[in-house]
Amino acid sequence: MYYLSKALFFPPVSHADSDGILAFGGDLSPERLQLAYKSGIFPWFNEGEPIIWWSPNPRMVLFLDELIVSKSMRNILNRNHFTVTFNQNFRDVISHCQQVKRDGQTGTWITNEMIEAYCKLNELGMAKSIEVWQNDQLVGGLYGIDLGHIFCGESMFSLVSNASKVAFIALANQLKKDNYRLLDCQVYNEHLESLGCREIERVAFMGILSE
């Protein structure tokens, strides 16, 4: 297992263990975070833990042509109950992702340090958000890292039913229009699978990332 120093360095992702853990330590500076995402690596850790860097195998992704929008979801979108904006309220989105309680979780991995680090990346144009509004209130959204041909989704939230799905679908459709290769969703869950995401081998993901 690698323990990172102040040097701006990551080991090859092939050195990650079977759980996807690659390294511990380092920092959340903009330079390190940019290097991490461009190298197929992301931080994921709980409050009070050292920074843990991951590169899972397999990797959960959405190929944009494979997006699944259910009939019921199409009906919701057609009713225009929601308004979607892009990158207008990044700090509010990431703060809601931190605060919204999730089933089966007692806390959040989005620490205050993480919020400040990603807000700096937003100022640099690398981290971006998608906001979903209802009656002029922010009710859902997601944020992630924009690599120009891959968008690395980090977290999403809903304050009302289906708001996070609206954000995800809007993002996927916009990425497809802009000729992105895929939407990175990191690790498997059933909700993502229902939207068309699937797992691919890490080596395949790294090949697309390096294009």
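## Helix α4 and Cys-119

Cys-119 is located in helix α4, which spans residues 112-123. The model is a predicted one. In this model Cys-119 has a relative accessibility of 6% and therefore counts as buried, since the buried class covers residues under 20% relative accessible area.

Leu-159 lies 40 residues from Cys-119 in sequence. In space, the C-alpha atoms of Cys-119 and Leu-159 are 22 Å apart.

## Strands β7, β8 and β9

Strand β8 comprises residues 137-146 and is mostly covered, with nine of its 10 residues buried. Strand β8 has pairing partners in β7 and in β9.

Strand β7, formed by residues 127-134, runs antiparallel to β8 and is joined to it by eight bridges. Within this pairing, Gly-140 of β8 stands opposite Val-132. The hairpin of β7 and β8 has two residues between the strands, and Asn-135 in this hairpin adopts a positive phi near 55 degrees.

Strand β9 covers residues 150-158 and pairs with β8 in the antiparallel sense, over seven bridges. Here Tyr-143 has Ser-155 in β9 as its bridge partner. Three residues separate the strands in the hairpin of β8 and β9, where Gly-148 takes a positive phi near 95 degrees.

## The four-stranded open sheet

An open sheet is formed by four strands in the order β1-β2-β4-β3, with mixed pairing. Its edge strands are β1, at residues 2-4, and β3, at residues 42-43; each of these pairs on one side only.

Strands β2 and β4 pair with each other in the antiparallel sense over three bridges. Strand β2 consists of residues 21-25, and strand β4 of residues 52-54. The bridge partner of Ile-21 in this arrangement is Trp-54, a residue of β4.

## A negative surface patch

Four glutamates, Glu-190, Glu-193, Glu-199 and Glu-201, gather on the surface in a patch of negative charge. Among them, Glu-201 belongs to the loop between β11 and α7. Strand β11 is assigned to residues 198-200, and helix α7 to residues 202-209.

The relative accessibility of Glu-201 is 47%, so this residue counts as partly exposed. The exposed class requires over 50% relative accessible area, and the buried class under 20%; partly exposed residues lie in between. For patch membership a separate cut-off applies, namely over 30% relative accessible area with no salt bridge. Thus Glu-201 is partly exposed at 47% while also being one of the residues of the negative patch.

Notes
Residues numbered from 1 in each chain as written. Predicted model: local features only at pLDDT ≥ 70, side-chain atom pairs only at ≥ 80, totals over all residues. Heavy atoms only, no water. Pairing = 2+ DSSP bridges. Patch = residues over 30% accessible without salt bridge, like charges linked within 9 Å, V, L, I, M, F, W, Y side chains within 5 Å. Areas by Shrake-Rupley, 256 points an atom, 1.4 Å probe, with all protein chains shown as cover. Salt bridge = Lys/Arg side-chain N within 4 Å of Asp/Glu carboxyl O. Lys, Arg positive; Asp, Glu negative; His and termini not counted. Charge placed at Lys NZ, Arg CZ, Asp CG, Glu CD. Buried < 20%, exposed > 50% of the residue type's maximum accessible area, 1.4 Å probe, protein only.
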